[in-house]
Amino acid sequence: MANILDYLDWRGDLTLAQSPFNEVDNLILAELSFVDFRDIVPAPGRGESVPLHQAAEAFFTRFPEGERIDMGVLVPDEIQDLLRKMAEAPRFRDMGLNCFADHLDVGKGEQFAALAVETGDGLVYLSFRGTDDTLAGWKEDFELACMPEVPAQKKALEYTEAVARQFPRRKLRLGGHSKGGNLAVYAGVFCREAVQRRVAAVWSNDGPGFHTDLLDLPEHRRIAERIYSIVPKSSVVGMLLEHEEDYAVVDSDQLGLLQHDGFSWQVLGDHFLTLHQVTRQAHLCDQELRQWVYEMPVERRERFVDAMFQVLTASGAETLTDLMADGLKATGAMAKAMKELDKETREGLLHFLGILIRSNLRMVLEGLQEGIQENAEKKPRKKRLLKKREEPAGEKT
């Protein structure tokens, strides 16, 4: 099966003039904002765009030649391979990068990053970074379930307005993976109507949804037909909260929660390999998580999120990489912080973790069963083909 790296090998020589922008290009640009372009790509209003191949060269000079770059626990290591291939591909190498923004406030639990890409077909793609390695970013993800608006959403809106001013009269595409997809939709819905009319498309790649009241707003209705939601077949993140009803389901070569990784999504030509619906276990997981969220009062949700990250940061860790590196020290500090929680919060946290673990196990088993069935269906056909090849040519009638 092929993924976005194979797409760059097979179709990277085709310019957008030869083959128009498509959903696979969208995911590639959504992943690009995970690259740290600080001091390489100018901030909004601070300079001219930098060709992608030049930005890539400057980025890789920061590291010893041949050294594998640690992108963190959650950010796929393949992103560095993606950047190298994009820098070599005629389709992407001359795209202009601009308006790089990267904000992190550990104390407030805020994380936001974005990148604007002049794609060369007259449009600008605003790539919003999804959940990265920082615990602050993860806290904001969970706050999406209990707050009408989180800081990253406000910053996404401000960023969109700033880029729209910097590129007047240019059509815009907004997109992101994971939380970045949520930010793209939020900015597309709430930007000024004059800017919204310039938005050609909004792409949410397995991004969490919204509370029901947003979907009923006139601002959302104005742009709803230009919002494209894509989720893997065992999606959990992308099915959280309320979602646009029209979403595409893509095949993945991973199992369970690991299907959230965009590098596992299967590509066929200039589009993703799509399925009719998410798997049964993904649907059940969505219902279970949604019921758990909505049965909890908003105030308790907020206390729950604060308590969860109080536990995670008890060792002083700021990223998931820190937690992994600290090992036993982090585990001991987290266990102590867990004991200090009140009984109701502690039980709620354990229940939530139980839902995720059980759901992931069920989806993994479901995926393994699908694989066994597919192999069983292929074997008889393979035997028939072998038999046909073994038939002597003279015995054909």
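1. Asp39 is found in the loop between α2 (23-32) and β1 (50-51); helices (H or I, at least four residues) and strands (E, at least two) are DSSP runs, numbered from the N terminus. The model is predicted, so that local features need pLDDT of at least 70 and side-chain atom pairs count only at pLDDT 80 or more, while totals for chains, interfaces and linings use all residues. Residues are numbered from 1 along each chain as its sequence is written, and side-chain values use heavy atoms, with hydrogens and water left out.

2. The phi of Asp39 is near 65°, a positive value in a residue other than glycine. Most residues other than glycine have a negative phi. Asp39 is exposed, with a relative accessible area of 83%; exposed means over 50%, buried under 20%, and partly exposed in between (1.4 Å probe, protein chains only).

3. Arg169 belongs to the loop between α6 (151-166) and β5 (171-177). Its phi, near 70°, is also positive in a residue other than glycine. Arg169 counts as exposed, at 75% relative accessibility.

4. In helix α3 (residues 52-60), the buried residues are Leu52, Ala55, Ala56, Phe59 and Phe60. They lie on the same side of α3, because they cover an arc of only 125° around the axis, the arc being that of the directions from the helix axis to the C-beta atoms. Among the elements that cover these residues are α2, β1, α4 (78-88) and β2 (96-105), where contact means heavy atoms within 4.5 Å.

5. Helix α7 (residues 179-190) is largely enclosed by the rest of the structure, because eleven of its twelve residues are buried. These include Leu183, Tyr186 and Val189.
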